[in-house]
Amino acid sequence: MRKLVVLSTFVLGAVATPAFAVVYSTDFSSIASPSSGALQGDGSIWGVGSFSTGTPAATWSASAGNFDYLKNGNSGYTCVGLSGGCIELGGSLTSPPSKVDFALTLAPGSYAISFDYNRQQFGPSGFDFQINGFMVESFPVIPANNTWATHTEAFSTGGGVVIFSFVTTGLAPNVGALIDNVSVVPEPGQWALLLAGLAAVGTVARRRRSI
Ligand SMILES: [Ca+2]
């Protein structure tokens, strides 16, 4: 009987966890420790090399070219919700491609990363999204200006540092896609599998007891 009580507690804990288990989240409303770039009067930074943002804080850096940190409304750019901040992958006064990375140290398991993306007003702005250097999704042409879309990508890791990269494709300088609202959460399917496994264990335990 004690085993059953323990099992029930574990199942309840697993069910309650997913809604609160955000591993990383940023809406780019604020940044810290920016390197290089041209600070604008509204707090935007054109041609930034790196900065820290999000919960918990993570460093976003350009391993090629640079990128722009934009406050909503800067140069006519609009971020999600018409407030706060976002980034433009193309950067300033650089030739493409620009490559913007951030890294998280993750426990072994399955996760999903989500981000919002948008074409910018000065022209087509495609990009590739990579995880640990492997391209997992290409966005060659983002069709509509000022229409934000959300992309979610599932991935698994054996644990350790995972690098997420946004690489501009086929662009003129200063013309990159906009990115906002980046989050990483445990993949819901993993919890479903865990619950199914626990249910199976419970069934076996009950059968053994009835024999
Ligand atoms: Ca934002």
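Modeller: One term before we start: two strands count as paired if DSSP finds at least two bridges between them. The model here is predicted.

Biologist: OK. How many bridges join β11 to β14, and which way do the strands run?

Modeller: There are 6 bridges between β11, residues 126-131, and β14, residues 160-169, and the two strands run antiparallel. As one example of who faces whom, Q130 is opposite S165 in β14.

Biologist: What sheet has β11 and β14 in its order?

Modeller: An open sheet of 7 strands, ordered β2-β5-β6-β9-β14-β11-β12, with antiparallel pairing. Its edge strands are β2 (32-35) and β12 (134-139), each of which pairs on one side only. From one strand to the next, the twist averages 20°.

Biologist: And how many helices and strands does the protein have?

Modeller: The count is 2 helices and 15 strands.

Biologist: Where is confidence lowest, and where is it highest?

Modeller: The lowest is helix α1, residues 2-16, with a mean pLDDT of 42, while strand β1, residues 24-26, is the highest at 98. Across the protein the average is 82, and 72% of the residues score at least 70.

Biologist: Over which residues does pLDDT stay under 50?

Modeller: Residues 1-18, and for that stretch the model has 12 contacts beyond four places in sequence. Where pLDDT is low, the predicted coordinates should not be read in detail.

Biologist: Let's move to β8. Are its faces covered or open?

Modeller: Both faces of β8, residues 85-88, are covered. G85 and I87 are buried on one side, and C86 and E88 are buried on the other. In a regular strand the side chains alternate between the two faces of the sheet.

Biologist: Which residues touch the most other members of the largest nonpolar core?

Modeller: Y69, C86, I87, L89 and I179, in a core of 31 residues. Several elements give two or more residues to this core, including β7, β8, β10 (109-118) and β15. The biggest contribution comes from β15, which gives 4 residues. In soluble globular proteins, nonpolar side chains tend to be buried together.

Biologist: What does C86 touch, leaving out residues up to four places away in sequence?

Modeller: C86 touches F28, L70, C79, V80, L178, I179 and D180.

Biologist: Where is F28, then?

Modeller: F28 is in the loop between β1 and β2. F28 counts as buried because 23 other C-beta atoms lie within 10 Å, and the cut-off is 20 or more. The phi of F28 is positive, about 60°, although F28 is not a glycine.

Biologist: What about S36: buried or exposed?

Modeller: S36 is exposed, because it has 12 other C-beta atoms within 10 Å and 12 or fewer counts as exposed. S36 is in the loop between β2 and β3 (38-39), and has a positive phi of about 55° without being a glycine. Most residues other than glycine have a negative phi, and most peptide bonds are trans.

Biologist: On peptide bonds, which residues does a cis bond join?

Modeller: T55 and P56, with omega at about -10°. P56 is in the loop between β5 (50-53) and β6 (58-64).

Biologist: For the protein, what share of the contacts with a separation of 6 or more comes from residues 24 or more positions apart?

Modeller: Such residues account for 72% of those contacts. As for burial, 30% of the 211 residues are buried.

Key: Residues are numbered from 1 along each chain as its sequence is written. This is a predicted model: local features need pLDDT of at least 70, side-chain atom pairs count only at pLDDT 80 or more; totals for chains, interfaces and linings use all residues. Axes are lines fitted to C-alpha atoms, for helices over the stretch in contact, and angles run from 0 to 180 degrees between N-to-C directions. pLDDT is the predictor's confidence in each residue, from 0 to 100. Two residues are in contact if their C-beta atoms, placed from the backbone, lie within 7 Å. A nonpolar core is a set of buried Ala, Val, Leu, Ile, Met, Phe, Trp, Tyr and Cys residues joined through C-beta atoms within 7 Å.
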